[in-house]
Amino acid sequence: MRGSIRATLAVLLLALFPVFVVGVGAGAVIAGLRIGQRTGLYLVIAGAGMALALGFALVQALRTRLVPPEGPKPARHEQPGLWRLVDELAAQAGTRPPEEIVLVPEVNAAVREDARLLGLRPGRRYLMLGLPLLAALDVAELRAVLAHELGHYGGGHTRLLAASYRGAETLGRTLSRLDAGPAKWILTGYGWVYAVLSRSANRAQELQADAYAVAAAGRAATACALRRTATLDAAWNAFTDRYLRLPGLAQRTPDILLGFRAFLGHPRQRQALAALERRVLDTRPRSLLDSHPTVRRRLAAIDRLPETPAHPDPRPAWQVLAEPGTVIPAAEQRLYISGELGPRASWAEIVRLAGAAEAARGAELLANAARTSGAAPGATLGEILQAVHRGEAERLIRPLLGPRAGRQEVAQAVTEGLAELLADVVVCALLVQCRARHELDWGEGWRVIGPTGELRPVELAAQAVGNPALAPRFAQQCVTLGVPLDFVPPPAGRPASRRPGSAGEPRLMAAAPVVRALGKNWDVLVYDTGLLLIPVKVAGLAGQRLAAVSGQAGHWQRKRIEKLLAHGTQRRLSHPGARWLAIDTMLGGDHKKFLTGGGKVALRFADGQTATLRTEDDAGYAALVAFLDALPQALPHRR
C-alpha cells in the first residue's frame with residue numbers, strides 16, 4: 001500500500017471520528033433507557049455526560065491551529081546565503097519555499113505547513129533548523145538535510161501533516177477527558193488504528209524525502225548526514241549533561257556551538273559515536289507506531305537511487321550564515337541561556353571556575369555532614385580520615401541521605417559518594433593554596449592538575465574508603481601533596497530559602513491535588529524551597545465527584561490544577577486562605593503509603609509543631625515524598 005493511500009485512509013478515519021464519538025455516547029444513553037431502574041439511570045447520566053464532554057473536546061480540537069514555532073527567525077536581508085540555499089533546494093523539489101526559517105534548540109530539522117480544510121488549502125510554511133546541526137554537520141551534509149525537509153513540501157506531505165496533527169490533537173484531547181471505563185477502551189483502540197495508518201504513511205514519506213535529498217546533494221552526502229544525525233541526539237545529550245551545567249557554576253557565558261564541535265572532534269567521542277552508530281544500524285523496527293524507517297533500511301534505499309554529481313564542502317555548516325560569530329551567540333543566548341550568566345568566557349576558563357566551585361561545594365557538604373554526625377566535630381581533614389579509619393564512614397555520610405535511605409543506597413553512598421567528597425576536600429585545599437587547577441578535557445570533562453602533574457584524588461580516596469586500614473596512608477599522601485590535615489573547608493555559600501515571588505524565584509517542582517491537612521482540603525504546590533497550600537472550595541470537590549460518574553474525575557481535577565498553574569506566582573500567593581510552609585522551618589518527617597492509593601506525609605517543624613498531609617492520589621503522594629526526602633540536602637547546617 002502506497003504512502004498516499006495510507007495517509008488518505010488516516011484522514012478518512014479522522015473524518016469518521018465525530019460520528020464514532022457521538023455513537024458511543026448515544027449508545028450508552030439508549031442502553032440505559034432500555035435497562036431502566038437505577039442502573040439504567042446511571043448509564044443514561046454517564047452516556048449523556050460523556051457525549052457532551054467528548055463533543056466539547058472534539059470541537060476544541062478541530063478548531064486547534066498549528067502553533068507557530070518559537071525561536072530566532074533570520075530574515076532574508078539578514079541571511080541571504082541561507083535563504084539562497086533554501087530557495088535553490090525548494091526549486092529543485094518543485095515547491096515554494098517556506099515563509100519563515102526558525103532556529104530551534106533541538107538536534108533536528110523539520111518543516112511545517114498550517115494548511116486548511118484538511119490539507120486541501122495551502123497555508124503558511126515554516127522550516128525549523130536545529131542550532132546544534134550547524135556545529136555537527138558540514139555544508140554538504142546540511143544541504144542534504146535541508147533538501148530532505150523541503151522534499152516533504154514537494155511530496156505534499158505537509159498538507160496531510162496538518163490533517164494528521166488535527167487528528168492526533170482530536171484523539172488526544174478526547175481521551176484526556178476520560179479516566180477509565182468502556183468508552184476509554186473503545187476510543188483508545190480507535191486511536192491505535194488511526195496511529196498505525198498515519199505512521200505507516202509517515203515512514204513511506206521519509207523514504208520519498210530521502211530521494212529529494214539525493215537528487216540535490218548526492219548519495220554520499222545524504223548517507224553521511226543520515227548516519228551522523230542518527231547519533232547526534234545522544235552526543236548532544238552527553239555534551240549538555242557534562243558541560244552545559246558548568247557555565248552556571250562558573251557564572252560565565254560560553255560559546256556553546258564551538259564547544260559542541262570541539263566535543264565531537266575529540267578522539268574519545270568519535271570512538272563512542274562510531275560504536276553507537278553500529279548499534280543504531282542494527283536496531284530492528286520496534287513498533288508499528290514508528291514514524292521513521294530504520295536507518296539501515298533508509299541507507300539501503302539511498303544506495304539504490306541514481307547518483308547525482310555533487311561536490312563535497314567540508315566547511316562547518318554555520319558558514320552558510322552571514323557573520324556567524326555574532327548571529328550564533330545571540331541565538332544561543334535566546335535558546336539555551338536563562339537570565340544573565342556573567343561575561344563571555346572561553347571553555348577553559350569556565351572549566352577552571354566551575355571545577356573550583358564544585359570542589360568547594362563538595363568539601364563543604366562533607367564538612368557539614370562530619371559536624372552533624374559527630375564523627376568529626378571539628379570537620380578537619382585529619383578528623384574525617386580518623387573517622388574513616390575507625391570504620392565510621394557510614395556515620396559520616398548518613399546526614400546527606402534521606403531519612404528512608406535503605407542499606408543498598410547507604411552502601412553506594414559510602415563507596416562512591418564519600419570518596420568523591422574526600423577528593424573535593426583535597427582539591428579544595430590545593431586550590432586555596434593556588435597549587436592546583438582544573439583543565440578542560442573534551443574527553444572526560446576536566447582534569448585536575450596539581451603540584452606534580454595530573455591528580456586523581458578520587459582513586460586515592462576510594463582505596464581508603466574501601467579499606468579503612470589504608471586511611472593513614474591516604475593521610476600521608478595528602479601531606480606529601482601539601483594538603484594540611486588541619487584544613488577545614490571554607491563555606492561555599494548557598495542561597496537562603498526563598499518565598500515564591502521573591503527575587504531569585506525558586507522552582508515549582510510538582511503539584512499534589514486534594515491534600516487533607518490542617519483540617520482542610522488543599523491543592524499543594526511543591527517548590528524546591530517549600531510548600532504552597534491553596535484551599536480547595538467545597539463546590540470544586542462536589543463537581544469532581546459528579547464528574548466521576550461519567551469517568552471524567554481526573555480531567556476535572558487536571559483542569560483545576562492547570563488553571564491554578566496558569567495564574568502566576570503572585571496571584572497564587574494572594575489566593576484567599578493560601579499558606580506557605582518554608583523548607584527552612586522544617587526538621588524532617590516521615591511518610592506511609594496507603595494500600596488503597598496515595599498516603600500520608602508527616603512534617604516536623606523547628607517550633608515543635610507538626611502537620612500531616614494525606615492524599616489519595618499516587619502522583620501527589622510521590623511528589624510530597626520526594627520533597628520530604630530532599631529535606632536533609634536543602635536544610636542549612638544546624639548545630
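Biologist: Does Arg-344 count as buried, partly exposed or exposed, and at what relative accessibility?

Modeller: Arg-344 counts as partly exposed, at 41% relative accessibility. Buried means under 20% relative accessible area, exposed means over 50%, and partly exposed lies in between, with a 1.4 Å probe and protein chains only. Please note that this is a predicted model, in which local features need pLDDT of at least 70 and side-chain atom pairs count only at pLDDT 80 or more, while totals for chains, interfaces and linings use all residues. Residues are numbered from 1 along each chain as its sequence is written, and side-chain values use heavy atoms, with hydrogens and water left out.

Biologist: Which residue does Arg-344 meet in a salt bridge?

Modeller: Its partner is Asp-255, at 2.8 Å from N to O. A salt bridge is a side-chain nitrogen of Lys or Arg within 4 Å of a carboxyl oxygen of Asp or Glu. Arg-344 lies in the loop between α13 (324-336) and α14 (347-373), and Asp-255 in the loop between α9 (246-250) and α10 (256-265), so the pair ties together parts that are 89 residues apart in sequence. Helices (H or I, at least four residues) and strands (E, at least two) are DSSP runs, numbered from the N terminus.

Biologist: How many salt bridges does the structure hold?

Modeller: It holds 21 salt bridges. Among them is the one between Glu-141 and Arg-228, whose closest N and O atoms are 3.4 Å apart. That pair links distant parts of the chain, with Glu-141 in helix α5 (residues 139-154) and Arg-228 in helix α8 (residues 219-243), 87 residues apart.

Biologist: And is Glu-141 buried or exposed?

Modeller: Glu-141 counts as buried, at 4% relative accessibility, whereas Arg-228 is partly exposed at 34%.

Biologist: Let us change topic. Which residues of α13 are buried?

Modeller: They are Ile-328, Pro-329, Ala-331, Glu-332 and Leu-335. Seen down the axis of α13, these buried residues fall within an arc of 165 degrees, so they line one face of the helix. The arc is that of the directions from the helix axis to the C-beta atoms.

Biologist: Why would residues a few places apart point the same way?

Modeller: An α-helix has 3.6 residues a turn, so residues three or four places apart point the same way.

Biologist: Then what is exposed on the other side of α13?

Modeller: Thr-326 and Arg-334 are exposed there.

Biologist: What covers the buried residues of α13?

Modeller: The cover includes β1 (100-104), α4 (131-136) and α10, where contact means heavy atoms within 4.5 Å.
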